[in-house]
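Please consult the sequence and the model while reading the points below.

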Amino acid sequence: MIREAIVTTVNRAGKAHVAPFGLIASGERWVIAPFRPSTTLDNLLEIPFAVANFTDDVRLFAGCLTGRRDWPLVDASRIAVPRLAGALAHAELAVEEVTEDATRPRFACRSIHEETHAPFGGFNRAKAAVIEACILVSRLHMLPREKVEQEIAYLSIAVEKTEGPEEAQAWSWLMDEIKARYSGK
């Protein structure tokens, strides 16, 4: 199982980094598998702690992929890595094992603390479509343009039928990113 979350990490200087990740369930642990090179990878190697932030605000996922990483942070409860102020819940993670890989090392983490901050109000189809579009945008460099355009055409139906203001904004950021990628091609 993969659970979509926003992961926060810090470097030695204490500078926070916010990034969307599909956390991989592995027994009692969560696995963070950042691609090389990445800030999350560098941070986890320096400071082996992270916060998995669980949110239904898809703007955070789309924002991180489109250069909008300045989201309000607050202190976590037990580790020196901040959490998202607007998270519905969060889990504070400690790296227990690192599996090296030339492309995508894996950091197996145990949860040392979890908190719920607000109720989950449910999903609409637009939220799910935005998450899927985020995954496409994160792989624009790897996927054929035709595949991306087909997927976006399908996902746009759910967005158009069920979006609220947050989903509309997130979708527009992602569409701008795709247009910029393919402009002039």
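Strands are DSSP runs of E of at least two residues, numbered from the N terminus, and two strands pair if DSSP finds at least two bridges between them. The model discussed here is predicted. Strand β1 is joined to both β2 and β4, and the structure holds zero disulfides.

**Strand pairing**
- Strands β1 (residues 2–10) and β2 (residues 16–26) run antiparallel and are joined by nine bridges.
- Five residues lie between the strands in the hairpin of β1 and β2, where G14 takes a positive phi near 85 degrees.
- Strand β4 (residues 49–54) also runs antiparallel to β1, with three bridges joining the two.
- V7 stands opposite A19 in β2, while its bridge partner in β4 is A52.

**Surroundings of H17**
- H17 belongs to strand β2.
- With a relative accessibility of 15%, H17 is buried, because the cut-off for that class is under 20%.
- Beyond its neighbours within four places in sequence, H17 is in contact with V7, T8, T9, T39, T40, N43 and R69.

**Cysteines**
- A disulfide requires two cysteine sulfur atoms within 2.5 Å.
- The closest cysteine sulfur to that of C64 belongs to C134 and is 9.0 Å away, so the separation is too far for a bond.
- C109 is likewise in no disulfide, its nearest cysteine sulfur being that of C64, 18 Å away.
- C64 counts as buried at 3% relative accessibility, and C109 counts as buried at 0%.

Note on methods. Residues numbered from 1 in each chain as written. Predicted model: local features only at pLDDT ≥ 70, side-chain atom pairs only at ≥ 80, totals over all residues. Heavy atoms only, no water. Helix = DSSP H or I, 4+ residues; strand = E, 2+ residues; numbered from the N terminus. Buried < 20%, exposed > 50% of the residue type's maximum accessible area, 1.4 Å probe, protein only. Contact = heavy atoms within 4.5 Å.
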